[in-house]
Amino acid sequence: MMNLEMMMNKVDELKNDASMWLDEEENELHITIEDFEGFDEDWSEVEREVDEEKVDAFLKMLEEECVSYEDDFYYYYEFEGFSVKLGYASYDV
């Protein structure tokens, strides 16, 4: 069974491809896949390459280990004792 500490370690394994912060009041781990680099000289969006294999394996692990999940614009995963909200940096542009 996946606990919060194990989940945070899994996010750390993604290195620069993901960031996280914990909302301690809600016991919700917010994870962002860092797929946005910034803007170029013309203010066009620049996508950031992520390790697709690692990210896909992480997303699959989330689905397999969670009690339930729903995907809307963001992905919400429920685990025993905590939840995960996952999105992409490009969502915020």
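Predicted model: local features only at pLDDT ≥ 70, side-chain atom pairs only at ≥ 80, totals over all residues.
Biologist: What makes K85 count as partly exposed?

Modeller: Its relative accessibility is 23%. Buried requires under 20% and exposed over 50%, so K85 falls in between and counts as partly exposed.

Biologist: Where is K85 found, and which residues is K85 in contact with?

Modeller: K85 is found in strand β7. Leaving aside neighbours within four places in sequence, its contacts are E28, L29, H30, I31, Y74, Y75 and Y76.

Biologist: Why are β1 and β5 said to stand at the edges?

Modeller: The open sheet has 5 strands in the order β1-β2-β7-β6-β5, with mixed pairing. β1 (18-23) and β5 (68-71) each have a single partner strand, so one side of each is left without a neighbour in the sheet. On average, neighbouring strands here are turned by 15 degrees against each other, direction ignored.

Biologist: How do you know that β5 pairs with β6?

Modeller: Pairing takes at least two bridges, and 4 bridges join β5 to β6 (residues 75-79). The two run antiparallel, and S68 stands opposite E78 in β6.

Biologist: What packs on the sheet?

Modeller: Helix α1 (residues 4-13) touches β1, β2, β6 and β7, and its direction makes about 155 degrees with that of β1. Helix α2 (residues 52-65) touches β2, β5, β6 and β7, at about 50 degrees to the direction of β6.

Biologist: How do you know that the length of α2 agrees with its number of residues?

Modeller: At 1.5 Å a residue, its 14 residues should span 20 Å, and the end C-alpha atoms are 20 Å apart, so the two values agree.

Biologist: Why are the buried residues of α2 said to line one face?

Modeller: V55, F58, L59, M61 and L62 are buried. Seen down the axis of α2, the buried residues fall within an arc of 155 degrees, so they line one face of the helix. E53, K60 and E64, on the other side, are exposed. The buried residues pack against α1, β2, β6 and β7.

Biologist: Which residues touch the most other members of the largest nonpolar core?

Modeller: Of its 22 residues, M7, F58, L62, F79 and L86 do. α2 gives the most to this core, with 5 residues. Not counting residues up to four places away in sequence, F58 touches M7, K10, V11, L14, I31 and L86.

Methods. Residues numbered from 1 in each chain as written. Heavy atoms only, no water. Axes fitted to C-alpha atoms, helices over the stretch in contact; angles between N-to-C directions. Contact = heavy atoms within 4.5 Å. Buried < 20%, exposed > 50% of the residue type's maximum accessible area, 1.4 Å probe, protein only. Core = buried A, V, L, I, M, F, W, Y, C linked by side-chain atoms within 4.5 Å. Expected span 1.5 Å × (residues − 1). Arc of directions from axis to C-beta.
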